[in-house]
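Please consult the sequence and the structure shown below while reading.

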Amino acid sequence: MSSTTDASPNPTGAAAGRPRSGGSPAGGKGAKPARRGKPGGRDLAAALPWITPALILIFGVVLFPAVVMFYNSTRDISLSGLDKGSVGFDNYVEVFQFPYFWPIFFRTIVWVVVVVAFTVVISLGLAQILNKAFPGRQLVRLVVIIPWAASVVMTTMVVYYGLEPYFGIINKFLVDIGLVDTPEGYGWTKNPTTAFMWSIIVAIFVSLPFTTYTILAGLATVPGDTLEAAKMDGAGSVRTYFTIVLPQLRGALSVAVLINIINVFNSLPILRVMTGSIPGYDADTIMTMIFKYIQNQHKVDVASALSVVAFVIVIVIVAVYVKVVKPMKEV
Amino acid sequence: MKKSLRLGAAIALAATASLTLASCGFGGGNGSDGGDASGKTTLNMLVPSYSDATQDNWDTVIEGFEKENPDIDVKLEVQSWDNLESVITTKIQGGEAPDIYNGGPFAGFAADGLLYETKDVVSDDTYSDFQDSFLANAEVDGTAYALPLIASARALFVNNDLLEQAGVSAAPTNWDELLDAATKISKLGGGVAGYGMPLGSEEAQAEAAVWLWGGGGTFGDAEEITVDIPENLPGADQIKKMIDAGATQADPGSTDRTPLMEIFVQGKIGMQVGLPPTVGQIEDGNPDLNYSIVPIPTKDGSPFTLGVMDQLMAFQNDGDKQDAIKKFFDYYYSADVYVPWVQAEGFLPVTKSGAEQLKDDEALAPFLEVLPDAQFYPSSNPKWQATDGAFKSLFGQIQSKPAQDVLTEIQAQVDAS
């Protein structure tokens, strides 16, 4: 499709940024609208060799597992993994009848909202600092990447062991400054509430680099003359930030939020490490529950059903977000 | 159209991200088949890691075996206990079951018709060399489907110095003495705990068995799993009594066994139930620790230990591999190969010839002594796997919930499986 418009090297198409919008002004030559009338067959055939690898990838990596997951969710799979036939939607019934399902569901929402909100607010501040010129900025920018470059499990393990009673360095510190009064420290990761809170802190920590850099990229696109104009009109720095800079960050922010929502919702390793030894279901989110179905109960079928439910939830959240915020709309 | 395209793009993005987790289940197949071009038979073997040396210990066995049988190639895969069961499930689901598998529960596999009978994969000599009680524990409906591999028994490790400091003259033999001694040790302060009680997900079923069975309870037998029965209540109540009296470390419900044992080794815990390999662990970590090993205290002081037996099992993949598997097992269980292996891992042997050779080993003696009173998990019950999982994920709640509720919840999860 794009080949028709790219054929005419006119400045209009380039300025609009998208080949499609360049179409009508460029359509001066009579033949073109006629060809556009039936874009189907030949173009597609010509494009096929080029897009086949991508299609194979999408089918193999995205659609095939999705179909298998849905298929598994309607089967009865034995403990050792053998398929014993269809059970219709019984697995879904089991998921929703599980007495802890709704607490887990709401905890998942809290998890996503809190982590994403804090991540974005802190990242906005960090990006602002990193956008200013100061000696050693290069170095600080590098340091901010580290939590991203390090394995999430490793980062979480470091915090987890730091929080262990008896030998954890964080516990030792808290005991030394007198905040914890038992000499062996407090079992932060042994109690559902504190373990969940620490998981949120770790999740924010590992989400910061990506978000900061997305916003930093957004800041780089804010034109200097708009800031200058605001200055000349006598706007203070706070007002400039909220009325000039922030609206122009809309694109970067909305992408960052969208990707973070999906990422945080699907995050397993942090909670798995931090809350793994806690009995019961008082610190679980949907993702760790899927894991527990597989690991502890060997119910691959029910786990698949819950995965499908999680999948639907993510799509609903994203659809609502896209509808309400319209993240891709230009400012 | 534009808008829907973008919505579509966003949804595709969401789909990709959310499927990353789901697609994790589809890895790990290596597609190796029975025989290869050179006519060699390949045996795939999946084992858990008992210690850091497990890989080397097996490699030694395999090397010796391959030297004697150049036409058989043994491929070893070592996994951690945490992952073992999900790995085997994934492999079976993908039609890539290993030929030889070393694990705990086997009845589920036998019920699905995946295993060779033990008789079919070992010679008569090897078969009759197994201790009868262990072999009986590997049976489903009177037919053995697994080969006993190692046994272990548990005993109470006691820190003599802490006991002395707390003014306790002798190691406890029953629950009242244990509660009393543990409370006194806990009162020493300085972060010292009287009794180390690991009810976290790592091995909650073991600590649960120590208490519930020690009070006359049971988890059931090959036919029926019985967790929610009155016989199990005294043990569960005693656990609560220990916790409420402050006789244990903090948060017993979510403390895992391995890290807690480290703390015992460092001399911060008065008493904790341990295994034969714990002896080696103390030797490595803190050889100066003044400790002794005594039988586990029970309600009335009658002798009891929790025996655990791990098994080898042979999956029916390909008819022509049966002979190769048989050769391997016969080689492995010969005393000259088997005894060094068991010794290196620090467990107890399951063969008569092995026990004969090891009876003078000092570190193992206290455990060999309690072995006759061992009770085993009902691991030949097809529901044992589910029971095991239910204990791991639920039993620790006893710290904050009434004992009866926890037992009921576990039973419900088992029945629903």
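## A buried strand in chain B

Strand 7 of chain B is largely enclosed by the rest of the structure, because 5 of its 5 residues are buried. The model examined here is a predicted one.

Strand 7 of chain B covers residues 155-159 and is joined by 4 bridges to strand 9 of chain B, residues 269-274; the two strands run antiparallel. Within this pairing, Leu156(B) stands opposite Val273(B), while Val158(B) has Met271(B) as its bridge partner. Strand 7 of chain B also pairs with strand 10 of chain B, again over 4 bridges and in the antiparallel sense. Here the bridge partner of Asn159(B) is Tyr291(B), which lies in strand 10 of chain B. As a general principle, the strands of a sheet pair through backbone hydrogen bonds, in either a parallel or an antiparallel manner.

## The sheet around the strand

Which strands of chain B form the open sheet, and in what order? The sheet has 4 strands in the order 8-9-7-10, and its pairing is mixed. Its edges are strand 8 (193-196) and strand 10 (291-294) of chain B, each of which pairs on one side only. From one strand to the next, the twist averages 15 degrees.

Helix 12 of chain B packs on this sheet and touches strand 7, strand 8 and strand 9 of chain B. The direction of helix 12 makes about 135 degrees with that of strand 9 of chain B.

## Two domains of chain B

Chain B is divided into two domains: domain 1 comprises 40-152 + 308-371, and domain 2 comprises 155-295 + 383-416. The C-alpha centres of these domains of chain B lie 29 Å apart. Their contact takes 13 residues from domain 1 of chain B and 11 residues from domain 2 of chain B.

On the side of domain 1 of chain B that touches domain 2, helix 4 (107-111) and helix 17 (365-370) of chain B each supply at least two residues. Helix 17 of chain B gives the most to this side, with 3 residues. By type, the residues on this side of domain 1 of chain B are 9 nonpolar, 4 polar and no charged.

## The contact between the chains

How many residues of chain B are in contact with chain A? The contact involves 49 residues of chain B and 44 residues of chain A. Several helices of chain B each supply at least two residues to the side that touches chain A, among them helix 3 (81-93), helix 12 (257-265) and helix 18 (384-394). The largest share, 14 residues, comes from helix 1 of chain B. The side of chain B that touches chain A divides into 21 nonpolar, 21 polar and 7 charged residues.

## Features of chain A

Thr119(A) is found in helix 7 of chain A, residues 101-131. Is Thr119(A) buried or exposed? Thr119(A) counts as buried because it has 24 C-beta neighbours inside 10 Å, and 20 or more are required for that label. Leaving aside residues up to four places away in sequence, Thr119(A) touches Ile204(A), Ser207(A), Leu208(A), Thr211(A) and Asn260(A). The C-alpha atoms of Thr119(A) and Val257(A) are separated by 9.1 Å, although these residues are 138 residues apart along the chain.

Helix 17 of chain A, residues 300-325, has 26 residues. From its first C-alpha to its last, helix 17 of chain A reaches 36 Å, close to the 38 Å expected at 1.5 Å a residue. Just after helix 17 of chain A, Lys326(A) takes a positive phi of about 45 degrees.

Notes: Residues are numbered from 1 along each chain as its sequence is written. Chains are lettered from A and ligands numbered from 1 in the order in which they are written. This is a predicted model: local features need pLDDT of at least 70, side-chain atom pairs count only at pLDDT 80 or more; totals for chains, interfaces and linings use all residues. Domain bounds come from an automatic or database domain assignment. Two residues are in contact if their C-beta atoms, placed from the backbone, lie within 7 Å. Ala, Val, Leu, Ile, Met, Phe, Trp, Tyr, Cys and Pro count as nonpolar, Asp, Glu, Lys and Arg as charged, and the others, Gly among them, as polar. The expected span of a helix is 1.5 Å times one less than its number of residues. A residue is buried if 20 or more other C-beta atoms lie within 10 Å of its own, exposed if 12 or fewer, and partly exposed in between; C-beta atoms are placed from the backbone. Two strands pair if DSSP finds at least two bridges between them. Axes are lines fitted to C-alpha atoms, for helices over the stretch in contact, and angles run from 0 to 180 degrees between N-to-C directions.
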